[in-house]
Amino acid sequence: MKRYTLNELVVTVAVGAVGLALLATAADGAKSDARSTACQSMLKKYGAAFASYAGTFNDFLPAGFTPNSPSRSMRWENAIQPLLENGRFMRCPANTPQSTGFGANYCYNVNINAKLPFHFFDPVDPGKSKLSKYSRQLPQIVLIGDAVRYTCVSPRQLGCRPVRDVSGDGIKDSARGADYNNYAPMRHDGNWNYVAADGSVRSISFAEWQTNMNNSGIFYDAQFDL
């Protein structure tokens with residue numbers, strides 16, 4: 001029977017440890033990919049629900065935000081819940097227990113950018129509400145995406161432009177009181193999932209998300225600033 005030297009044993013153990021680490025990394029990656037795929041599947045269903053809602057309510061999208069009860073039913077996640085599978089509000093499987101899972105591209109001041117999809121609903125004076133038309137949305141504009149709140153703030157509305165660098169890469173990416181403007185742009189191994197106004201589901205890198213947060217693109221279109 002062959003006797004192994006101490007060096008040979010050390011090398012064998014080291015190789016085994018590296019192999020186990022690689023297997024664990026691959027398993028984590030596969031798990032993350034599966035969660036991202038499930039997340040995108042949910043977003044696809046949300047996109048279809050928004051189209052269905054608009055078809056029922058004269059082309060209007062629901063509100064991004066409203067005051068509390070009874071007008072909470074106008075908030076987007078409540079408004080489209082009956083149109084979802086089993087009437088359930090779905091969450092991204094990679095979110096933390098404290099986070100919402102998905103958030104809407106919301107602007108409480110329509111006078112900043114007229115083409116943003118979600119605005120405010122005023123139950124006291126509905127005439128002052130700023131609900132958006134679904135058919136007038138730009139195809140590439142974000143409806144909802146990975147987030148830690150059910151509403152995420154557009155970088156074009158007052159007080160919500162990125163002024164802080166939360167990621168530490170030297171580029172401002174967050175509003176004053178909202179890390180990443182309440183989005184979760186690095187949820188899936190540094191990628192971010194969203195459903196666009198044309199119903200397509202997309203995944204972009206954090207760098208792409210950050211570029212769009214600071215420049216006209218998927219969150220707003222500067223040509224429609226008022």
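At 47% relative accessibility, glutamate 85 counts as partly exposed, a class lying between buried (under 20% relative accessible area) and exposed (over 50%), with a 1.4 Å probe and protein chains only. The structure is a predicted model, in which local features need pLDDT of at least 70 and side-chain atom pairs count only at pLDDT 80 or more, while totals for chains, interfaces and linings use all residues. Residues are numbered from 1 along each chain as its sequence is written, and side-chain values use heavy atoms, with hydrogens and water left out.

**Overall fold**

- The chain contains three helices and five strands, where helices (H or I, at least four residues) and strands (E, at least two) are DSSP runs numbered from the N terminus.
- Along the sequence, these elements follow the order α-α-β-β-β-β-β-α.
- Of the contacts with a separation of 6 or more, 66% join residues 24 or more positions apart; a contact means heavy atoms within 4.5 Å.

**Surface and burial**

- Of the 226 residues in the chain, 44% are buried.
- The chain exposes about 11600 Å², and carbon and sulfur atoms supply 57% of this area, as computed by the Shrake-Rupley method with a 1.4 Å probe; for residues, only the protein chains shown count as cover.

**Salt bridges**

- Side chains of opposite charge can pair when their charged atoms come close.
- The whole structure holds five salt bridges, each defined as a side-chain nitrogen of Lys or Arg within 4 Å of a carboxyl oxygen of Asp or Glu.
- One of them joins lysine 45 to glutamate 85, with the closest N and O atoms 2.9 Å apart.
- This pair links distant parts of the chain, 40 residues apart: lysine 45 is in helix 1 (residues 6-56), and glutamate 85 is in the loop between helix 2 (76-79) and strand 1 (101-106).
- Lysine 45 is partly exposed, at 35% relative accessibility.
- Another salt bridge pairs aspartate 146 with arginine 187, their closest N and O atoms being 3.9 Å apart.
- Aspartate 146 belongs to strand 2 (residues 142-147) and arginine 187 to the loop between strand 3 (151-153) and strand 4 (191-196), so the pair ties together parts 41 residues apart in sequence.
- Aspartate 146 is buried at 0% relative accessible area, and arginine 187 is buried at 16%.
- Aspartate 225 forms a salt bridge with arginine 156, and their closest N and O atoms are 2.1 Å apart.
- Aspartate 225, in the segment after helix 3 (206-214), is 69 residues from arginine 156, in the loop between strand 3 and strand 4.
- Aspartate 225 is partly exposed, at 26% relative accessible area, whereas arginine 156 is buried, at 16%.
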